[in-house]
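Opening the notebook on this one.

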Amino acid sequence: MKIGNIEFKNNLILAPMAGVTDVAFRSICISCGADAAVGELISAKALVYQNKKTQEMLVTSPNEKIKIVQLFGSEPDVMAKAVKLPQLKKFDIIDINMGCPAPKIVNNGEGAALMKDINLAEQIIRACVNATDKPVTVKFRLGWDSKRINCVEFARMCERAGASAITVHGRTRDMFYSGKADWGMIAKVKSAVHIPVIANGDVSNIESYNSILKKTHCDAVMIGRATLGNPQIFADIVGGTKHTKMYYVKKHVKLLRKYYPERFIVAHMRKHFLWYLKGIKDGAEIKAKVSVSDNVDNSIELMQTVLK
Ligand SMILES: Cc1cc2nc3c(=O)[nH]c(=O)nc-3n(C[C@H](O)[C@H](O)[C@H](O)COP(=O)(O)O)c2cc1C
C-alpha cells in the first residue's frame, strides 16, 4: 500500500488505543512486522493551547519509520492550526479520528459524532488537507447506529475532501467494542472509493487476517485488541521470529524506562502485565498480585514462575 508517497511493506498497522499503545509497545509491534503504529489520540485543542501533557504524548521511537499522529477535534480552524504546529513536523501522516465512541468525546461533537454531521466532517478534513503537504487520513466506523449506517457516503466524502486513505472499523458507534465487526460493509466502502482503505475489526490471528483481506479486498489491515499481550501476532502474520511472552514483557519494560519515570511505568504496566498473563492456567493468584503491585521488577519475577 502507498499513502501519498509513503510505502507500506507488510500492509499491517497497529491500531491506535488511547492509554494503551505506548511508545515501547509501538516499537515492539514494529519490530515484529507492523509497518506503523498510530500514536496516542491527541486533542487538537490541547495541542494548540500548548498543554504540556499532550506534548509529551507525541514521543516516538527510532524504529517508527512511518510516524502517524492521530488528532481529534470538531473545529476546522483549530484542527488546521494543530496540523501546522512545529511539534507535528516529525510525523509523516496526520490521521483524523472520526470513530471514537467515548461519551466525553462524542458529547463535544468530536470522534464518531462527526459521522452524524458529514458537512462539518468534510470541512475538518479539507481544513487539515489545506494546512499540510502530508497525507491526511481518516479513521471512522460504519455509522452512528444500525439505523444510520453511512460509511459508504462518508468514505466518498473523505475522498472528495482530499483524504489520502481511510481506515474503517466495522462497527457502529453504539456497538462500542462489542458485537461482530461487519467486514461486508468494509468491502462496500472499499469498492466505493479509489484511495487506499485499511480494514479494521476483529482480526485476532493469521486466519482472520487472511479472511478480512479476502472478504474486503482492502489495501491493509489494522489490528487492535488482539495485539495486547501478544505483539507476536504481527510476526506470525509476516513469518517473523517467534519470541516468548517473557521476552516481550522484559523488552516492554526496558524500552519504557528510556522514556518514562518509574512512577508512570508501575501504573501503566499493570494492565499490560495482565494482558501478557491472559490465558495462563492457574495464574489467578499471580494476576491478583501483579494487578496491585507497585514494583515492576517484583511483578516480572512473579510472572516468570508461570510464563515462559
Ligand atoms: C482501549 C482502546 C482504546 C482505543 N483508542 C482508540 C483511539 O484513541 N483512536 C482510535 O481511532 N481508535 C481507538 N480504539 C479503537 C481501535 O483502534 C480499533 O478500531 C478497535 O479496537 C477495533 O479493532 P480490533 O477489533 O482489532 O481491536 C481503541 C480501542 C480500545 C480497545
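My entries follow, one topic at a time.

**Ground rules.** I'm working with a predicted model, where local features need pLDDT of at least 70, side-chain atom pairs count only at pLDDT 80 or more, and totals for chains, interfaces and linings use all residues. Residues are numbered from 1 along each chain as its sequence is written.

**Domains.** I looked up the domain assignment, and it gives domain 1 (2–238) and domain 2 (245–304); such bounds come from an automatic or database assignment. Taken over C-alpha atoms, the centres of domain 1 and domain 2 are 28 Å apart. Domain 1 puts 10 residues into the contact and domain 2 puts in 10 residues (contact: C-beta atoms, placed from the backbone, within 7 Å). On the domain 1 side I find seven nonpolar, two polar and one charged residues. Here Ala, Val, Leu, Ile, Met, Phe, Trp, Tyr, Cys and Pro count as nonpolar, Asp, Glu, Lys and Arg as charged, and the others, Gly among them, as polar.

**Ligand.** Which residues are the closest to the ligand? Ala 15, Ala 18, Leu 41, Gly 224 and Arg 225 are, out of 21 residues that surround the ligand (C-beta atom, placed from the backbone, within 6 Å). By class, this shell has 11 nonpolar, seven polar and three charged residues.

**Strand S8.** Next I went to S8 (residues 165–169), where five of its five residues are buried (20 or more other C-beta atoms within 10 Å of the residue's own, C-beta atoms being placed from the backbone). Strands are DSSP runs of E, at least two residues, and helices are runs of H or I, at least four, numbered from the N terminus. In a regular strand, side chains alternate between the two faces of the sheet. In S8, Ala 165, Thr 167 and His 169 cover one side, while Ile 166 and Val 168 are on the other. S7 (residues 136–140) runs parallel to S8 over four bridges (pairing takes at least two DSSP bridges), and Thr 137 has Ala 165 as its bridge partner. S8 also runs parallel to S9, again with four bridges, and Thr 167 stands opposite Ile 198.

**Strand S10.** What covers S10 (residues 220–223) on each side? I get Ala 220 and Met 222 on one and Val 221 and Ile 223 on the other, all buried. S3 (residues 12–14) pairs with S10 in the parallel sense over three bridges, with Leu 14 partnered to Ile 223. S9 (residues 197–200) also joins S10 in parallel through three bridges, and Ala 199 sits opposite Val 221.

Methods: Contact = placed C-beta atoms within 7 Å. Buried ≥ 20, exposed ≤ 12 C-beta atoms within 10 Å, placed from the backbone.
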